[in-house]
Amino acid sequence: MEQRKLKFASALLPTGWASDVTLTLGPQGMIEKVEAQSADKTVKALKGIAIPAVPNVHSHAHQRLMAGLAEVAGPGADSFWTWREVMYGFALKLGPDDLQAVATQLYVEMLKSGSTVVGEFQYLHHQPDGTPYQEPAELTLRCLKAAEEAGIAITLLPTLYAYGGFGGQPPVTGQRRFINDSSRYLKILESLDKASKANPQSRLGISPHSLRAVTKGLLTEVIAGLDRMGRTSAPIHIHVAEQTKEVDDCLAWSGGKRPVEYLLDNFSLSSRWCGIHATHMTADETQRMAKAGMIAGLCPTTEANLGDGIFPADSFLKAKGAIAIGSDSHISVSPAEDLRQLEYSQRLRDRTRNALAAGPGQSTGRTLLDLALKGGAKSMTQPVGALAPGFRADIAVLDDEHPALIGRSEDSALDSWIFSGGNACVRDVFVAGQHVVEDRRHIKEEAIFKNFRAAVKRLTD
Ligand code: ZN
């Protein structure tokens, strides 16, 4: 494969901001050489501000279908648990073609928001009546196909879901499409192991749904199965301490241990692990989780939408904890909005400003972006997050002609993108050096939207 070059008027490099940056790409869109103040005239420089694209580490693709449809008050007090009932209703209707159409549209939206990697925490496995498909990994494979069609990189995180509550309680009927024992789940992993190896932009990990849905014995067995496949560093993502009811149920079941505490005491946590939400932690759990290296997979707009609570980001970051962000329920698909909401949650709680900036004189937007790039790449096991040799050319270009960015550059442009302009500032996106979003349009936007519209019509008629 011949070498290709990309050139940007302004780019964020690991060493800081640089102008006239030429990237030389090798096989599979990997960056081989970076030259700042480049005099190379063989390639035209793209205007705007090039930054490493932000991984979206937590997605349930099927939930894109119901974004905005659970905003009407019910007869009693609405909560996460009443939202979950609405979500289960949608989850029971989707067929493989529907899921693929919805996921492809979602992945286009992610690309247009400046994310080039998705972590798909996929828990729909079986037919609507609970019978497995002939291909046990059918629905997760449809997400892989959707990613290939949209041109996004994907880390497949098939969900291990066996129980309906702490201590191995039987699942409820609305969960029948999710449920597997270890042998059925390992068959899903085997299919995905093969499929994932055929796509250089895909990775494979697992997602035990939560401590409600697995037991220590089952999870240990599945991690051993993953190790036997040679995937000893594959990521492990788990929902943890999202809701106070979950904390109370865990305390009651375990005889006094909270969810994050239980994980810390029962598994050897490391940066291989990503705790999704980790909203409700004591000061001690916060310190211990940061020290263990377990990444906090935060989904601030979903957490706000569901009324989950506020993640202790200030103390977690002070303890050198690693964070990543995801759009989860897809009530908003925007890394800018998720980073903004994360910062605003701290400001509202503490009645302060610039709560998460790295220090005096430091940009809050830049601090948050740096953290989300580093933690996101690690939790996805993808070679992204920096414009440097050895990384893939996954790049978002902010439009410095957008009204929100006029007169801004470098860190001030990041602040104005995250706190003001949002997705509308993202003009071009590259995945492995391929130009998939050109001037705010995805290269297959119309065809993908047509399929999505047909799927929504089928499911809502
Ligand atoms: Zn989730």
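The following legends describe close-up views of a predicted model.

**View 1. Helix α2 and its surroundings.**
Helix α2 covers residues 96-113. The helix has 18 residues and reaches 26 Å from its first C-alpha to its last, close to the 26 Å expected at 1.5 Å a residue. Of the 18 residues of α2, 16 are buried, so the helix is largely enclosed by the rest of the structure. Glycine 114 follows α2, and its phi is positive, near 100 degrees.

**View 2. The packing of helix α2 against helix α3.**
Two packed helices are described by the angle between their axes and the distance between the axes. For α2 and α3 (residues 138-150), the angle is about 40 degrees and the axes are 8 Å apart. That angle makes α2 oblique to α3. The crossing of the two helices is right-handed. On the side of α2, the contact is made by Pro96, Asp97, Leu99, Gln100, Ala103, Thr104, Tyr107, Val108 and Leu111. On the side of α3, Glu138, Leu139, Arg142, Cys143, Lys145, Ala146, Ala147, Glu149 and Ala150 take part. The residues of this contact divide into 11 nonpolar, two polar and five charged.

**View 3. The packing of helix α7 against helix α8.**
Helix α7 comprises residues 259-266, and helix α8 comprises residues 283-292. Their axes come within 10 Å and cross at roughly 40 degrees. The two helices are therefore oblique to each other. The crossing in which α7 passes α8 is left-handed. From α7, the residues Pro259, Val260, Glu261, Leu264 and Asp265 meet Glu285, Arg288, Met289 and Ala292 of α8. In the contact of α7 with α8, five residues are nonpolar, none is polar and four are charged.

**View 4. Alanine 36 in the loop between β3 and β4.**
Strand β3 spans residues 31-35 and strand β4 spans residues 46-52, and alanine 36 is in the loop between them. Alanine 36 has a relative accessible area of 32%, and is therefore partly exposed. Along the chain, alanine 36 and alanine 18 are 18 residues apart, while their C-alpha atoms are separated by 6.0 Å. When residues up to four places away in sequence are not counted, alanine 36 touches Leu13, Ala18, Ser19, Asp20 and Val21.

**View 5. Isoleucine 51 in strand β4.**
Isoleucine 51 is placed in strand β4. Its relative accessibility is 1%, so isoleucine 51 counts as buried; the cut-off for this class is under 20% relative accessible area. Isoleucine 51 and phenylalanine 8 are 43 residues apart in sequence, and their C-alpha atoms are 9.9 Å apart in space. Not counting residues up to four places away in sequence, isoleucine 51 touches Leu12, Trp17, Leu369, Leu387, Asp394, Ile395, Ala396, Leu398, Leu414 and Trp417.

**View 6. Histidine 402 in the loop between β14 and α13.**
Histidine 402 is in the loop between β14 (395-398) and α13 (410-421). Because its relative accessibility is 17%, histidine 402 counts as buried. In sequence, histidine 402 and glycine 421 are 19 residues apart; in space, they are 8.3 Å apart, C-alpha to C-alpha. With its neighbours within four places in sequence left aside, histidine 402 is in contact with Ala424, Cys425 and Arg440.

Key:
Residues are numbered from 1 along each chain as its sequence is written. This is a predicted model: local features need pLDDT of at least 70, side-chain atom pairs count only at pLDDT 80 or more; totals for chains, interfaces and linings use all residues. Side-chain values use heavy atoms; hydrogens and water are left out. Axes are lines fitted to C-alpha atoms, for helices over the stretch in contact, and angles run from 0 to 180 degrees between N-to-C directions. Helices (H or I, at least four residues) and strands (E, at least two) are DSSP runs, numbered from the N terminus. Angles under 35 degrees count as roughly parallel, over 145 as roughly antiparallel, 65 to 115 as roughly perpendicular and the rest as oblique. A crossing is left-handed if the near helix is turned anticlockwise from the far one by less than a right angle, and right-handed if clockwise. Contact means heavy atoms within 4.5 Å. Ala, Val, Leu, Ile, Met, Phe, Trp, Tyr, Cys and Pro count as nonpolar, Asp, Glu, Lys and Arg as charged, and the others, Gly among them, as polar. The expected span of a helix is 1.5 Å times one less than its number of residues. Buried means under 20% relative accessible area, exposed over 50%, partly exposed in between (1.4 Å probe, protein chains only).
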